[in-house]
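Subject: Structure for you to look at

Hello,

Here is the structure I promised to pass on. Please open it and keep it in view while you read the rest.

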Amino acid sequence: EIGIDTDSGMYSRFNGPWMAFVTSYDFMLGNTDIEGWENGYYELIAIPLFIFFSFFVVLVMLNLLIALMADGYTVVMETQSKAKIKERASIIVGIEKTLPSKSFQNRDMFPTWVHALAVEKPGS
């Protein structure tokens with residue numbers, strides 16, 4: 001009457017709250033083949049196990065992503081101070097290259113200095 005064909009069997013997978021939940025979850029995952037489980041002997045074990053497994057896999061993958069991001073963050077934080085000093089030195093060199101060489105003779109404005117980076121030995 002309102003333009004929805006309910007006789008086609010398309011809505012039979014939503015015939016109760018349990019199957020409506022399972023079908024909706026199946027659609028979220030990409031429409032896997034659960035039709036064979038509906039009338040099977042192990043339906044009460046297979047479908048909850050499928051839901052648990054798919055949820056557990058997502059949880060493990062997110063945990064892996066968090067671990068990878070934390071490891072990357074640790075590496076960046078270890079090299080942050082050295083990278084900051086190197087970037088500051090490259091900015092100073094870039095600015096000094098734009099100045100005429102005559103201006104470097106004034107030692108009040110351009111004192112002689114050296115900044116060295118040394119490699120840290122493990123354990124020190």
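Below is what was found, going from the whole chain down to single residues.

Start with a caution: this is a predicted model.

**The chain as a whole**

The chain has 124 residues, and 10% of them count as buried. Its secondary structure comes to three helices and zero strands. Along the sequence, that reads as α-α-α. Now take the contacts between residues at least 6 apart in sequence. Of these, 35% join residues at least 24 apart.

**How α1 and α3 meet**

Find α1, residues 17-29, and α3, residues 43-98. Their axes come within 12 Å and cross at roughly 40°. Are they parallel or oblique to each other? An angle under 35 degrees would count as roughly parallel, and 65 to 115 as roughly perpendicular. The angle here is roughly 40°, so α1 and α3 are oblique. The crossing is left-handed.

Which residues make this contact? From α1 come W18, M19, F21, V22, Y25 and L29. From α3 come E43, I47, P48, F50, I51, S54 and F55. Sorted by class, the contact has eleven nonpolar residues, one polar and one charged.

**The core**

The largest nonpolar core has five residues. They are V22, Y25, I47, F50 and I51. Both α1 and α3 give two or more residues to this core. The largest share, three residues, comes from α3.

Leaving out residues up to four places away in sequence, I51 touches F21, V22 and Y25. V22 and Y25 are also members of the core, along with I51 itself.

Then go to S54, in helix α3. Is S54 buried or exposed? Buried means under 20% relative accessible area. S54 has 10% relative accessibility, so S54 counts as buried. With the sequence neighbours up to four places away left out again, S54 touches Y25 and L29. Both of those partners are in α1, on the list of residues that meet α3.

Y25 belongs to the core, and Y25 is touched by I51 and by S54.

Best wishes

Notes. Residues numbered from 1 in each chain as written. Predicted model: local features only at pLDDT ≥ 70, side-chain atom pairs only at ≥ 80, totals over all residues. Heavy atoms only, no water. Core = buried A, V, L, I, M, F, W, Y, C linked by side-chain atoms within 4.5 Å. Buried < 20%, exposed > 50% of the residue type's maximum accessible area, 1.4 Å probe, protein only. Helix = DSSP H or I, 4+ residues; strand = E, 2+ residues; numbered from the N terminus. Contact = heavy atoms within 4.5 Å. Axes fitted to C-alpha atoms, helices over the stretch in contact; angles between N-to-C directions. Parallel < 35°, antiparallel > 145°, perpendicular 65-115°, else oblique. Left-handed = near helix turned anticlockwise from the far one by under 90°. Nonpolar A, V, L, I, M, F, W, Y, C, P; charged D, E, K, R; others polar.
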